[in-house]
Amino acid sequence: MWILRLTQSDDSKIVGGTKADERITYQISLQVLVSTLFGFGPKRWMHNCGGSIVNEYYIVTAAHCLDGMNASRMSIVAGTNDLRNDGAKGTRYYIASYLIHPDYIELNRSDIGVMRTTERIQFTENVQPITYSSTFVGGNQTCLLTGWGYTMPIRIGSTPKDLQEAELTTITNEECRSRGMPVNPTEICTFTRVGQGACGGDSGGPLVCDKQLSGVVSYGTRYCGIGVPDVYTRVSEFDTWIQENTKVTQGDDGGAGGADN
């Protein structure tokens, strides 16, 4: 079984999802600046991961979306479900710095990180933070996953520009392990049916249960929606760490501090 982190290069998608008709106000597209035409063409922003706004300067995402990245080549687009024309319908914010959880080991544990924007995120009808969960989420709970990416288990054509969503059901960690995923207590799994699930550039994006950020998309198998659970970082295990590392003080000017970049 191939177990892979779910970045854009691994065929990003929500398989079996539908177009999100309502605005997902906390959802962002984490984008990286890339050169086109094998490095000789103009630079453009490319969607790579998802993330969730938690306050006016900070976004929670997966550590593997940040590991080894240069913050100066990263930005987010907020306030839109539509990434056409480089996300022009939303607002772009540049990344000042990021912080990866100190216990992070790829495909193993603590796959969570936070990003800080250079400017204050302006909250509007279309841009709002989400509360992150301090409550343990057990099995058999219906949660909402959102993200951009391919909609088939294999890469065919281009990624959709419209945000996709899917209602997924959590399973216990014991059931997740019995289905072949070596999860630990700091992770949470979903499995609803064959032909539906997270993958690829959905990494770092939100799994929302009872209107709270409960999971961060972490990893899965090479081919998605094939009957194997998806694995997320369990946010309730890291709520104190998130709180300590996303503090905004009065008169904050948005400067970076204490983050890897």
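This tour visits some of the salt bridges in the structure.

The model is predicted, so local features need pLDDT of at least 70 and side-chain atom pairs count only at pLDDT 80 or more, while totals for chains, interfaces and linings use all residues. Residues are numbered from 1 along each chain as its sequence is written, and side-chain values use heavy atoms, with hydrogens and water left out.

**Stop one: arginine 84.** Select arginine 84 and aspartate 82, whose side chains meet in a salt bridge (2.9 Å, N to O). The term stands for a side-chain nitrogen of Lys or Arg within 4 Å of a carboxyl oxygen of Asp or Glu. Aspartate 82 is buried at 8% relative accessible area, and arginine 84 is partly exposed at 38%. Here buried means under 20% relative accessible area, exposed over 50%, and partly exposed in between (1.4 Å probe, protein chains only).

**Stop two: aspartate 162.** Helices (H or I, at least four residues) and strands (E, at least two) are DSSP runs, numbered from the N terminus. Aspartate 162 is buried, at 18%.

**Stop four: helix α2.** Move to residues 173–178, where glutamate 174 and arginine 177 sit 3 residues apart, about one turn of the helix. Their side chains meet in a salt bridge (3.8 Å, N to O). Glutamate 174 is exposed at 52%, whereas arginine 177 is partly exposed at 37%.
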